[in-house]
Amino acid sequence: MKTIEQINEKIREGSVCVVTAKEMKDIVSELGPEKAAKEVDVVTTGTFGAMCSTGVFINFGHSDPPIKFRRAWLNDVEVYTGLAAVDAFLGATKPSETRENYGGAHVIEELVFGREVELRAIGFGTDCYPRKEIETAVSLEDVNQAVMVNPRNAYQRYRAATNSSDKVLRTYMGTLLPNYGNVTFAGTGEISPLNNDPEFRTIGVGTRIFLCGAKGYIIGEGTQHSPPFGTLMVKGNLKDMKAEFLKACYFPGYAPSIFLGIGIPIPILDAEIAKSTAIRDWEIKTTIIDFGVPRRDRPVVREVTYAELKSGKVEINREEVRVSPLSSFYMAEKVMKELKRMIEKGEFLLSLPVERLKGKELFKPMKQKEIRIVREFMTKAITIREDSRIEDAAMLMINKNVNHLPVVDDEGILKGIVTSWDIAKAVTKGAKTVKEVMTREVITVFPEEPIAIAISKLEKYDISALPVIDSKKRVLGIVTSETISKMLGV
Amino acid sequence: MLLQLLFDSKTVREPIISRVAIKTGVPINILRADVGARKGEIIVEIPDEKSKEIERLFNEMGVEVHEVTRTIARNDNCVHCGLCVSICPTEVFRLNEEMKVEIRTEKCIHCSACIKVCPTMALYFPI
């Protein structure tokens with residue numbers, strides 16, 4: 001048993017034993033947790049990935065005459081000004097209003113590089129803050145405070161992504177190739193901070209951390225914290241950050257974002273903690289989810305471990321699929337080594353958390369006003385068999401006043417669809433049966449899907465009706481653009 | 001070796017690659033094809049030792065041939081995330097022992113897929 005004070009004393013004396021999380025795995029498997037806890041004082045963990053929920057509070061000081069910002073921009077990226085007169089929050093994913101592939105993240109990066117950025121603001125023009133507009137250029141040196149405060153960083157683990165659809169998808173998980181063309185994943189697995197202290201014994205409110213080269217602090221659990229998908233809310237002084245450990249980026253089709261290097265030292269107070277820092281990639285599970293389904297609850301394609309993901313290849317539907325990380329293991333290692341160096345040199349002391357993070361928390365979905373679903377818009381489907389004669393199909397359409405006939409077998413399972421246009425084609429071709437002219441690849445919807453999904457399918461494929469089916473492909477009904485527009489009054 | 005084959009409105013209609021393959025007995029690997037009604041551009045991989053013979057045959061059949069030398073390059077923006085690894089159709093990128101992204105330029109077929117996905121805009125074709 002050791003205390004943080006004893007470890008800090010060793011740091012001051014220069015006799016502390018620090019190892020990286022990567023090194024610790026072998027130490028524990030060789031010595032066992034008891035002995036490892038005696039030998040090792042601190043384990044440094046690290047991650048380096050795109051963390052969208054990142055931003056900086058800046059205080060610009062007062063102009064003369066003074067202004068209270070109504071709206072303000074840094075290099076044409078709007079900042080949030082619903083605060084005191086010259087305070088603003090610069091968010092990483094806010095896009096520039098004038099420059100492509102540029103946003104809040106890039107402004108943060110330019111500031112860390114020591115460059116000047118253009119500040120443009122308009123004011124309210126009050127008695128106390130009469131000025132109505134200002135344009136100037138400021139660097140990090142010129143502003144009073146520039147404090148990075150990130151609502152959600154350092155995800156413990158994250159769901160990997162793939163794409164079952166036949167279109168390329170451009171997402172915050174990178175570009176996902178069609179037909180399960182690739183898999184992307186985020187997080188550094190066994191070296192990631194929270195995986196090494198899953199009980200939050202040493203990582204909590206007040207823990208001093210390495211944030212992009214500066215000393216930062218954990219200020220609480222992050223938004224959407226839901227162990228084992230834990231997250232952290234952190235802060236650090238932007239003025240002390242190093243450009244090497246932060247990188248602005250841009251995900252095509254999504255938004256700007258920013259790569260951050262975060263390192264957390266874990267004091268090895270006892271064998272229990274030593275054991276938790278021995279966690280290996282094959283013990284860390286996540287799921288691969290399908291971005292081809294544009295829903296909040298995307299279907300799980302399979303369960304997977306970080307060891308499989310890191311191997312560069314996973315199997316999906318008996319095919320080998322290539323995997324790309326989104327986090328840099330090379331940079332995460334650099335973070336762990338740099339933090340180790342800082343502790344060994346006595347530049348970085350450890351702190352005890354003043355409050356523990358919640359070990360359990362529910363990540364709730366958004367409360368929405370009633371979602372209208374396909375079932376409400378569904379009408380009875382008039383179906384036909386594939387060996388039916390064209391004349392019968394035509395007669396059915398006229399008698400029932402419909403333009404679409406789903407084609408089904410004896411069990412009511414969908415085989416195709418014929419439209420009035422197909423009947424016209426049949427006449428010119430001299431076709432005899434429905435089978436000869438029906439469309440076999442039918443675009444369908446499920447009854448519980450939001451109607452918005454049906455509308456986007458109708459638009460995307462330029463069609464006017466969708467058979468509604470169950471999981472066994474049995475036809476339950478049909479939704480037509482006519483019914484939808486009538487019911488929505490558009 | 002990679003060759004860029006340029007077909008005009010006449011040659012684009014002929015099965016020239018098959019003819020060259022049959023005549024020489026050399027397997028020709030098509031890496032990228034952009035073929036339209038009036039022209040086409042195809043990038044093929046062939047064994048180095050047969051390059052002279054194959055180039056001559058293509059020329060005789062009216063196809064313009066260029067050796068592909070200009071390959072993908074990267075600048076300091078690269079953070080070695082590895083997003084390009086699974087995007088590249090010819091596996092130019094891989095993570096090495098140090099977990100750094102290694103580029104095997106000889107496999108590059110100029111499709112630009114990686115340039116479009118790189119989040120730090122670190123990849124480009126040198127002019």
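## A salt bridge, an interface and a helix

Glu91(B) and Arg322(A) join their side chains in a salt bridge, with 3.8 Å from N to O. Keep in mind as you look around that this is a predicted model.

How many residue pairs are in polar contact between chain B and chain A? The count is 12, with both residues at pLDDT 80 or more. On the side of chain B that touches chain A, the residues comprise 14 nonpolar, five polar and four charged.

Here is the interface in brief:

| Item | Value |
|---|---|
| Residues from chain B in the contact | 23 residues |
| Residues from chain A in the contact | 27 residues |
| Area buried between chain B and chain A | about 1,900 Å² |
| Part of that area on carbon and sulfur atoms | 62% |

Within chain B, the residues that lose the most area to chain A are Val79(B), Leu83(B) and Ser86(B), which together account for 29% of what that side buries.

Now let us turn to a helix of chain B. Helix α1 of chain B spans residues 16-24, and its buried residues are Ile16(B), Ile17(B), Val20(B) and Thr24(B). Viewed down the axis of α1(B), these buried residues fall within an arc of 105°, so they line one face of the helix. In an α-helix there are 3.6 residues a turn, so residues three or four places apart point the same way.

What do the buried residues of α1(B) pack against? Their partners in chain B are β1 (2-7), β2 (29-35), β3 (40-45) and α2 (51-60). Just after α1(B) comes Gly25(B), with a positive phi of about 75°.

Technical notes:
Residues are numbered from 1 along each chain as its sequence is written. Chains are lettered from A and ligands numbered from 1 in the order in which they are written. This is a predicted model: local features need pLDDT of at least 70, side-chain atom pairs count only at pLDDT 80 or more; totals for chains, interfaces and linings use all residues. Side-chain values use heavy atoms; hydrogens and water are left out. Buried means under 20% relative accessible area, exposed over 50%, partly exposed in between (1.4 Å probe, protein chains only). Helices (H or I, at least four residues) and strands (E, at least two) are DSSP runs, numbered from the N terminus. The arc is that of the directions from the helix axis to the C-beta atoms. Contact means heavy atoms within 4.5 Å. Buried area is the accessible area (1.4 Å probe) that two parts lose on being put together, summed over both. A salt bridge is a side-chain nitrogen of Lys or Arg within 4 Å of a carboxyl oxygen of Asp or Glu. A polar contact is a pair of N or O atoms within 3.5 Å; within protein, one must be able to donate a hydrogen and the other to accept it, and residues adjacent in sequence count only if both atoms are side-chain atoms. Ala, Val, Leu, Ile, Met, Phe, Trp, Tyr, Cys and Pro count as nonpolar, Asp, Glu, Lys and Arg as charged, and the others, Gly among them, as polar.
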